[in-house]
Structures are given as structure tokens and as C-alpha cells.
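Student: I would like to go through this model term by term. Please set each value against its definition.

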Amino acid sequence: MREPDVSAMKFDIITIFPRMVEAGLAEGVVGRAAASGVLDVAVHDLRAYTGDRHRTVDDVPYGGGPGMVMKVEPVVRALASIRSRRGAPGAVVLLSPQGRVFSQHEAERLRTAGHVALICGRYEGVDERVRELVTTDEISIGDYVLSGGELPALVIVDAVGRLVPGVVGDAGSVEEDSFSRGLLDHPHYTRPATFAGHDVPAVLLSGHHAEVRRWRQRQALARTLARRPDLLERASLDEDERRMVADLERDAARGEGAGEEQDDRVGEPTGAKGTGHGRD
Ligand code: SAM
């Protein structure tokens with residue numbers, strides 16, 4: 001078994017809604033990892049870094065217009081405090097719909113930073129000088145606008161956190177996840193073997209580990225080809241996998257589907273036509 005990494009990954013989240021973030025960190029694998037110290041996650045209430053008795057974090061926009069803008073000083077103070085108490089973050093991320101779109105590759109990059117601070121915006125956004133003065137990365141979780149950066153921060157902590165050894169119990173499951181090898185994951189089944197007339201593919205019940213591995217490999221390729229062919233162009237495939245893709249493409253060209261639907265068909269025997277197992 002792999003030894004868990006002793007150097008815990010650190011996250012510092014700056015928000016005006018600390019309870020919202022804490023609630024999101026309370027459950028699941030990330031919650032357990034935070035409780036056990038494998039992940040060191042600190043949530044900072046931005047209002048604690050304001051300088052007035054109303055604990056003001058926002059103000060009207062210069063130049064007029066609707067809404068409010070988050071002030072620069074509390075954010076800069078919060079980060080200075082994090083630096084002195086918890087060390088300098090390797091990455092300071094401003095959550096923003098205008099940022100680079102988050103991906104598994106970005107998650108892996110942030111993992112190597114070791115210590116990540118996340119700034120959650122609200123209102124119309126954050127004073128631009130936050131980006132200019134203290135931010136190393138501006139990250140979006142997708143092309144839509146949310147009311148705040150808290151959910152995006154939780155998304156990032158989850159995606160980066162599960163890459164830290166010891167967070168997900170079985171390291172193999174992270175390695176097989178979608179995107180980790182540039183492919184989508186294969187389908188998964190658990191008991192019962194039959195439900196509402198839908199059977200688990202026979203190969204998964206066969207006990208033949210090599211056959212199961214091959215079926216999963218082919219399914220992952222078929223799914224990626226059918227749903228995200230753009231990923232296949234960038235994936236690093238071995239010779240065997242390239243051959244499988246060529247097979248799947250040939251089937252698709254013959255109108256036999258890209259293999260996914262055929263292989264998914266319930267109760268299909270291991271060597272059935274269209275699965276490719278007969279040819280292998
Ligand atoms: N006026 C801003 C704009 O159009 O770019 C949107 C502000 S949004 C209502 C408030 C905050 O939510 C942002 O400052 C950011 O922190 C967060 N946010 C909203 N959508 C996001 C997304 N897709 N990814 C990351 N953060 C987002």
C-alpha cells in the first residue's frame with residue numbers, strides 16, 4: 001500500500017460567508033481529510049479584516065453603475081495575515097468567471113503549489129487591484145455566473161484535495177478517474193446483477209481479470225470517442241489502445257456505433273459482436 005504523503009496540502013479560503021464554506025467542507029472524503037489533518041483547510045471571514053465598526057467589505061463602483069464592488073484593503077490584509085500565520089501560499093487564486101477555465105490539468109498544477117489561497121468574490125466582483133496586487137491565478141469553474149466564489153472554491157478544494165495521497169482511500173480510483181489519463185472513465189456497476197431487466201455486462205461477473213481490464217479499457221476509449229473526441233486527440237495512448245480506437249472508429253463508420261452503446265447493452269456476453277473481444 002502507498003504511504004500517505006506527510007506534507008499536508010494547505011488551503012486558505014477568504015470569504016464573507018465562512019459558514020457556507022465550512023458546511024461544504026464538513027462531509028465526504030474532503031471533510032474527513034480536513035478533520036484528520038491530511039488537508040489543512042482554514043476559512044477566513046473577510047469581515048475580520050475590515051477597519052470600520054460596520055465591518056464594511058464593499059463599496060459603490062467608481063464611475064457609477066449598478067451593484068457594489070468588494071474593497072481591496074480587507075482582502076490584502078487577510079492575505080498578509082495568512083502569510084504571517086500560515087506561510088506564503090504557492091498560489092493565490094481569485095475566483096472569477098473571467099478566469100482560466102478550471103480543469104483536471106489545473107487541479108494537478110495547483111496540487112504542486114502545496115499551499116493555495118482562494119479569494120471568493122461577491123456582488124459585482126472584486127476591486128481590480130486585488131488581481132493586480134496579490135493574485136497569481138484567476139480561475140473560473142465554467143462559463144456561467146454564480147453569485148459568489150464560495151462554490152467555486154469548494155470545487156477547487158475538492159478536485160485538488162483528492163489528488164493528495166491519503167485523501168481518497170484507494171489511490172487507484174483517483175488514477176482511473178475521468179481525465180486523469182486524458183480519457184473518460186469506464187462505466188461502473190454494483191449489486192444486484194439484474195435490475196428492472198437490466199443486467200450487468202457478463203464479463204464483469206466472469207472473474208477474468210485480464211478480460212475485465214480489457215473491457216474497461218475499451219469502454220473508456222469508446223465513451224471518450226463518442227462523448228469527448230477532443231480528449232482523444234490529446235490523450236497519450238499505447239499501441240494497443242490506438243488499435244482499439246481504430247477498431248471503434250471502423251465500427252462507427254460501418255454504422256455499428258462507436259462501441260459504447262453496444263458494449264453497454266445489458267447482459268451482453270463477453271465475445272459478442274461489436275464489443276471487439278472476439279477479435280482480441
Ligand atoms: N460581474 C462579474 C462578471 O461578470 O465577471 C460577475 C460577478 S459574480 C456575480 C460574483 C463573484 O462570484 C465573482 O467575483 C466570483 O468570485 C464568483 N463567480 C461567479 N461565477 C463564477 C465562475 N463561473 N467561476 C468562478 N467564480 C465565479
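**Confidence, sheet and helices**

Tutor: The protein chain averages a pLDDT of 90, and 89% of the residues score at least 70; pLDDT is the predictor's confidence in each residue, from 0 to 100. This is a predicted model: local features need pLDDT of at least 70, side-chain atom pairs count only at pLDDT 80 or more, and totals for chains, interfaces and linings use all residues. Residues are numbered from 1 along each chain as its sequence is written.

Student: Which elements have the lowest and the highest mean pLDDT?

Tutor: Helix 11 (residues 260-264) has the lowest, 49, and strand 6 (residues 115-119) the highest, 99. Helices (H or I, at least four residues) and strands (E, at least two) are DSSP runs, numbered from the N terminus. Over residues 1-6 the pLDDT is below 50, and over residues 263-280 it stays under 50. Where pLDDT is low, the predicted coordinates should not be read in detail.

Student: What is the order of the strands in the open sheet?

Tutor: The order of the five strands is 2-1-6-5-7, with parallel pairing. Two strands pair if DSSP finds at least two bridges between them. Strand 1 (residues 9-15) and strand 2 have seven bridges, so the pair meets that definition.

Student: Why is one side of strand 2 and of strand 7 left without a neighbour in the sheet?

Tutor: Strand 2 and strand 7 (137-140) stand at the edges and have a single partner strand each, so one side of each has no neighbour in the sheet.

Student: What makes Val-30 in helix 2 count as buried?

Tutor: A residue is buried if 20 or more other C-beta atoms lie within 10 Å of its own, exposed if 12 or fewer, and partly exposed in between, with C-beta atoms placed from the backbone. In helix 2 (residues 28-36), Val-30, Ala-33 and Ala-34 are buried. Seen down the axis of helix 2, the buried residues fall within an arc of 100°, so they line one face; the arc is that of the directions from the helix axis to the C-beta atoms. On the other side of helix 2, Gly-28, Ala-35 and Ser-36 are exposed.

Student: Why are helix 4 and helix 6 called roughly perpendicular?

Tutor: Helix 4 (residues 104-113) and helix 6 pack at about 75°. Angles under 35 degrees count as roughly parallel, over 145 as roughly antiparallel, 65 to 115 as roughly perpendicular and the rest as oblique. Helix 4 and helix 6 are therefore roughly perpendicular to each other.

Definitions and conventions: Two residues are in contact if their C-beta atoms, placed from the backbone, lie within 7 Å. Axes are lines fitted to C-alpha atoms, for helices over the stretch in contact, and angles run from 0 to 180 degrees between N-to-C directions.
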